[in-house]
Amino acid sequence: MNLTSKLPNVGTTIFTVMSSLARQHNAINLSQGFPNFQTDAKLSELVSKAMNQGHNQYAPMMGNPSLREAIANKFQAIYKSSYNPNNEIVVTAGATQAIFTAISAFIGKGDEVILFKPAYDCYEPAIELHEGKVIPIQLKHPNYQVDWKEVEEKINSRTKMIVVNTPQNPCATIFSKGDMLELQRITNNTNIIVLSDEVYEHIIFDGKEHQSACLFPELKKRSFITASFGKTFHTTGWKVGYCCGPKELMDEFVKVHQFNVFSVNHPVQIALATYLKEEENYLQLPSFFQQKRDVFLEAISGSRFTFIPSQATYFQVLNYSEISEENDIDFAKRLTKEFQIASIPLSVFNQDQLDFKSLRFCFAKEEKTLLQAAEILNKI
């Protein structure tokens, strides 16, 4: 057959490459962002209970009403911001599906979408698949700050969407209130849609606060917010998240969602609806993960790697420019093969694959794993 690929430039992801190398060389895998500890037994028991009570058939297309109500209550409790659970919240198969669906609903041939680089790798293929055009803007190294003047200069009549990710993966930084006010100012009185990826909303350190798009009234009117229960509750394999936004946006979102996945794991939804009622189940996450970050950074303080402590997420970027002149992909592969520790090179997420000699390490691990990893890093 003579086939033409709709994504000719997409190959194997760096996550697959590095995890495969980690398995091959029996390396400590700090590359992919998943915990190596168990989720709360109470949550697992709630899933089993829901299954045993018979919640094993299709959930309502937009999500179980009890979970949508719980999500709405969470927004009200944390952000004092309201979303109607009947028509402004949809439960999705993880945040990636929510992101893909939002892009599918609005991006067509020739539409321009602004992305901040380094950018998580699911945005760009979704845009290209719908014949949109990616307009990349590189965050400024080493603090990964936004140049809002550059953003303003890139906006034109073809700009359909701006994708923001805060807290940001892979560079573990956050947008400030000032950043969000600039985004609100720049998009005000335009037809630009904002897609705000906020999957790490509950994992922010050093007393800082998450600046959700829903906190800014004019921004909220044009914004999708996507989130992930997998990231929040250490259950990445369950692939359950949600999307919320104003009704006029969600009406179009639902048109795609119903013919994409239609509905999502029902017993997990029932369990999450109950689990979310205890706010401490997610409010304790900053201290939980900050302790892991601090253990890791203290343990490598004598190494030749340099770093700015992660502001959020469960990732830490380490700079190796004092160790090697190798490009970051080759260096990451060599560390996996020779030292048995796997990480993610950041250049693959940057504009034009800019190489700042930086690797991303996941610290969502048991303390003994972090200390074993630190022992290796101190020898490099």
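**View 1. The side chains of strand β6 in a predicted model.** Welcome to the inside of this predicted model. From β6, Ile193, Leu195 and Asp197 point one way, while Val194 and Ser196 point the other way. In a regular strand, side chains alternate between the two faces of the sheet. How many of the residues of β6 are buried? Five of the five are, so the strand is largely enclosed by the rest of the structure.

**View 2. Strand β6 and its partner β7.** Here we look at β6, residues 193-197, beside β7, residues 223-228. The two strands pair in the parallel sense over four bridges.

**View 3. Strand β6 and its partner β5.** Now turn to β5, residues 159-165. β5 and β6 run parallel and are joined by five bridges. A handy landmark is Asn165, which stands opposite Asp197 in β6. Between the two strands comes a helix: β5, helix α7 (residues 177-187) and β6 make a right-handed β-α-β unit.

**View 4. The whole sheet.** Stepping back, we find seven strands forming an open sheet with mixed pairing, in the order β2-β8-β7-β6-β5-β3-β4. Which strands stand at the edges? They are β2 (89-92) and β4 (133-138); each has a single partner strand, so one side of each is left without a neighbour in the sheet. Neighbouring strands of this sheet are turned by 20 degrees against each other on average, direction ignored. Strands of a sheet pair through backbone hydrogen bonds, either parallel or antiparallel.

**View 5. A helix packed on the sheet.** Helix α10, residues 247-257, packs on the sheet. Which strands does helix α10 touch? Its contacts are with β2, β6, β7 and β8 (241-244). The direction of α10 makes about 30 degrees with that of β2.

View 6. Ser157 sits in the loop between α6 (148-154) and β5. Is Ser157 buried or exposed? Its relative accessibility is 76%, so Ser157 counts as exposed. Also in this view is Asn191, 34 residues from Ser157 along the chain. The C-alpha atoms of Ser157 and Asn191 are separated by 9.0 Å.

View 7. The peptide bond from His141 to Pro142 is cis, with omega near 10 degrees. Pro142 belongs to the loop between β4 and α6. Thr166 and Pro167 are also joined by a cis peptide bond, where omega is about -10 degrees. Look for Pro167 in the loop between β5 and α7.

**View 8. Two lysines with positive phi.** Lys80 is not a glycine, yet its phi is positive, at about 55 degrees. Lys80 is found in the loop between α3 (65-79) and β2. With 63% relative accessibility, Lys80 counts as exposed. Lys357 has a positive phi too, near 60 degrees. Its place is in the loop between β11 (344-345) and β12 (358-362). Is Lys357 buried or exposed? Lys357 counts as buried because its relative accessibility is 17%, and the cut-off for buried is under 20%.

Conventions:
Residues numbered from 1 in each chain as written. Predicted model: local features only at pLDDT ≥ 70, side-chain atom pairs only at ≥ 80, totals over all residues. Heavy atoms only, no water. Pairing = 2+ DSSP bridges. Axes fitted to C-alpha atoms, helices over the stretch in contact; angles between N-to-C directions. Contact = heavy atoms within 4.5 Å. Buried < 20%, exposed > 50% of the residue type's maximum accessible area, 1.4 Å probe, protein only. Right-handed = clockwise from strand over helix to strand, strands pointing away.
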